[in-house]
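Please work through the following exercises with the sequence and the three-dimensional structure at hand. Each task is followed by a solution in steps.

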Amino acid sequence: MLTRRDFHRAAVGSLAALPALAQKGEPVMPAEIAPAAVVIGVQTYSFRDRSLEDAIKAMNSIGLRECELFQGHIEPKLHGAELMKWRETASLGPLREVRVKLDAAGVELYAFNYSFRPDWTDRAIEHGFEMAKALGTDKITASSTVPTVDRIDKYARQYQIYVGMHGHSNPAAGEFASPESFAAAMQGHSKYICVNLDIGHFTAAGYDAVDYLKQHHDRILTLHLKDRKKNDGDNVPFGEGDTPIRQVLLTLKQKGWSIPANIEYEYKGADTVAEVRRCYEYCRKIVD
C-alpha cells in the first residue's frame, strides 16, 4: 500500500485519482502513479499574518499537503534576552502537539525553518535541533551566515539532522547569496550541511537557478518558490518576474527529483489565502 510519504511525493496530476481508487477498495500501488513526482508545498511564513491553526485551515482549503514550518508560528512574541531564553529552554511538549495537529490535517511537516543567527548562544542553536526532533523531522532550513556554519554543523552531526542554508540576494561578505557562498558552507563540513535554494532570491542576485539545480540537486534540501525581477528587483505575482519557476518545476518533473518546491508568498497582494492559492494553481498548471 502507498505510504503517507509516497502519497505526498506522487505526481501532483495524479492526486485526484487516489480517492476514487480508494473508494473502489483497490490498493494504490507505486506502479499506478506517474513516475515524475513533483511536490508543491508551502513555507508557512506565507501565512505569517495568521495563527498556525488558521494557517493549517488555509493549507487544507487550498489543497496543500506538505509544508516547511516557519519559526514564527511557534515562537512567542518576545524580544531580546527573553526570546533568547525561550530559544534555550522552550518546552518540547507543545511542539509534539504541533506535529499532531499537522498530521491530523493531512499535512506533512517536511522541514522546520529555524534561522540560526551569529548572535545566538550555542545552547539556543542546539535546542533548535532538539525542537526539530520533537517535531518529528530530520530537516531544518535556516537563514544564517557562512561563518556560523561551523557552530551549526557540530550539532547537525550530533543530532543527524540536515540543515539547508537559505540564500537571499544580499552579496555582503558572509551572507548566503552566490553559488560560492553555498560551496564555502559545505566545504569541510559534514553531509548534513545542505542548501535551501530560494529561486527568487537567487535570480534577483543574478544567478541561474535551473543550472544550479541541475548541478547540485543532491545537496538541495528544499526549494523556495517566489517570483522576483533581476538586479535585486521586486517580488511580483508568479509569472510576472524573471524567476524560471516553470523551468525549475519541469526540471524536477523530468528528472524525477523529489525535492519539495515550497511556495513562499512575499509579493503585495490583497488576501494571503487567495494569493497562495493563486501561486499554487500557477504551479499545478505547469506540473499537470
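**Exercise 1. Overall composition**

What percentage of the 288 residues in the protein chain is made up of buried residues?

Solution. The structure is a predicted model, in which local features need pLDDT of at least 70 and side-chain atom pairs count only at pLDDT 80 or more, while totals for chains, interfaces and linings use all residues. Residues are numbered from 1 along each chain as its sequence is written, and side-chain values use heavy atoms, with hydrogens and water left out.

Step 1. Buried means under 20% relative accessible area, exposed over 50%, and partly exposed in between (1.4 Å probe, protein chains only). Buried residues account for 53% of the 288 residues.

Step 2. The protein chain contains twelve helices and ten strands; both are DSSP runs numbered from the N terminus (helices H or I, at least four residues; strands E, at least two).

Step 3. Contact means heavy atoms within 4.5 Å. Of the contacts in the protein chain between residues at least 6 apart in sequence, 74% join residues at least 24 apart.

**Exercise 2. The barrel and its helices**

State the order in which eight strands close into a barrel, and locate helices that pack on the sheet.

Solution. Step 1. The order is S1-S2-S3-S4-S5-S6-S7-S10, with parallel pairing; two strands pair if DSSP finds at least two bridges between them. Neighbouring strands of this sheet are turned by 30° against each other on average, direction ignored.

Step 1. Strand S2 (residues 66–70) and strand S3 (residues 108–113) run parallel and are joined by five bridges. Within S3, Asn-113 stands opposite Phe-70.

Step 2. Helix H6 (residues 122–135) lies across S2, S3, strand S4 (139–142) and S5, at about 175° to S3. Helix H12 (residues 272–287) touches strand S1 (40–43), strand S7 (220–225) and strand S10 (261–263), and its direction makes about 155° with that of S1. Axes are lines fitted to C-alpha atoms, for helices over the stretch in contact, and angles run from 0 to 180 degrees between N-to-C directions.

**Exercise 3. Two residues in their surroundings**

Is Glu-264 buried or exposed? Which residues are in contact with Ala-134, leaving aside its neighbours within four places in sequence?

Solution. Step 1. Glu-264 is found in the loop between S10 and H12. Glu-264 counts as buried because its relative accessible area is 6%.

Step 1. Beyond neighbours within four places in sequence, the contacts of Glu-264 include Gln-43, His-166, Asp-198 and His-224.

Step 2. Ala-134, in helix H6, is buried, with a relative accessible area of 11%. Leaving aside its neighbours within four places in sequence, Ala-134 is in contact with Leu-92, Leu-95 and Arg-96. Glu-97 is 37 residues from Ala-134 in sequence, with 9.2 Å in space between them, C-alpha to C-alpha.

**Exercise 4. Backbone angles in loops**

Solution. Step 1. Most residues other than glycine have a negative phi.

Step 1. Gln-160, which is not a glycine, has a positive phi near 55°. Gln-160 is in the loop between helix H7 (149–159) and strand S5 (162–166).

Step 2. For Asn-231, also not a glycine, phi is positive at about 60°. Asn-231 lies in the loop between strand S8 (227–228) and strand S9 (235–236). Asn-231 counts as exposed because its relative accessible area is 75%.
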